[in-house]
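Have a look at the model first, then read the points in order.

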Amino acid sequence: MKNEIMKDLKEKMSKSIVSLKSDLATIRSGRANASILDNISVEAYGSMMPINQLGTISIPEARAIVIQPWDKSILSALEKAIQKSDLGLNPNNDGSIIRINLPELTEERRKEMVKQVKTKCEDAKVAVRNIRRHGNDKMKELEKSEHLSEDEIKDGLDEIQKLTDKYVGEIDSIMEKKEQDIMTV
């Protein structure tokens, strides 16, 4: 039973890390990254679709993104969706592709983005700690149902804490790396 609890906790904490990484990928750093467009949906063919399902996205240079739609008739819809997004990007439509030139980030904007990163990382830490609390509760339930001894419960709680510390440390290193990416000119 204890092993099942640990396996479940590892799985949930790993999912928190994966979720954090995908959230942070949408925050722009100093270089172009196609994943900043992941949260943008485009109205095409009668439904809302993600940009990456409508064409090829490439990064021809450090601060430029090019979107080449498979169907040229959706170019204006792509352009409008990018303009409406909260990314502050200005797409250029040349009739066959959309080019997005990413402006140099100001120091103020970089600091704002670092705050966003810290908030998302803190949310991930809270999620990991909530998972830990849930695991601790399950271990204590095992003690009440007399499946495990006090020493086994204590070992289990220590193991859960070590696992939590490992994932919180991983979140901290992810945060550091993203901050460096944002602050590097």
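1. What volume does the largest pocket have? The largest pocket comes to about 340 Å³. A pocket here is an open set of points on a 1 Å grid over the protein atoms alone, where a 1.4 Å probe fits, with protein on both sides within 12 Å along at least five of seven lines. Its volume is the space filled by probe spheres set on the points.

2. Before going further, please keep in mind that this is a predicted model: local features need pLDDT of at least 70, side-chain atom pairs count only at pLDDT 80 or more, and totals for chains, interfaces and linings use all residues. Residues are numbered from 1 along each chain as its sequence is written, and side-chain values use heavy atoms, leaving out hydrogens and water.

3. Back to the largest pocket: its lining consists of 16 residues (those with an atom within 4 Å of a point), and Thr 26, Asp 86, Leu 87, Arg 109 and Gln 116 lie nearest the centre. Seven of the lining residues are nonpolar, five polar and four charged. Asp, Glu, Lys and Arg count as charged; Ala, Val, Leu, Ile, Met, Phe, Trp, Tyr, Cys and Pro as nonpolar; and the others, Gly among them, as polar.

4. The second largest pocket has a volume of about 230 Å³. Its lining has 11 residues, with Leu 24, Asn 33, Lys 177, Lys 178 and Asp 181 nearest the centre. Helix α4 (150-183) and helix α1 (2-25) each supply at least two lining residues, and α4 gives the most, with four. By class, this lining holds five charged, four nonpolar and two polar residues.

5. For the overall fold, you will find four helices and six strands, in the order α-β-β-β-β-α-β-β-α-α from the N terminus. Helices (H or I, at least four residues) and strands (E, at least two) are DSSP runs.

6. The chain has a radius of gyration of 22 Å, whereas a compact globule of 185 residues would be near 16 Å. That radius is taken over C-alpha atoms, and the globule rule is 2.2 Å times the number of residues to the power 0.38. Along the principal axes, the C-alpha atoms fill a box of roughly 70 × 40 × 25 Å.

7. Ser 16 counts as buried because its relative accessibility is 15%, and buried means under 20% relative accessible area with a 1.4 Å probe, protein chains only. Leaving aside residues up to four places away in sequence, Ser 16 touches Ala 127, Val 128 and Ile 131, with contact meaning heavy atoms within 4.5 Å.

Methods:
Buried < 20%, exposed > 50% of the residue type's maximum accessible area, 1.4 Å probe, protein only.
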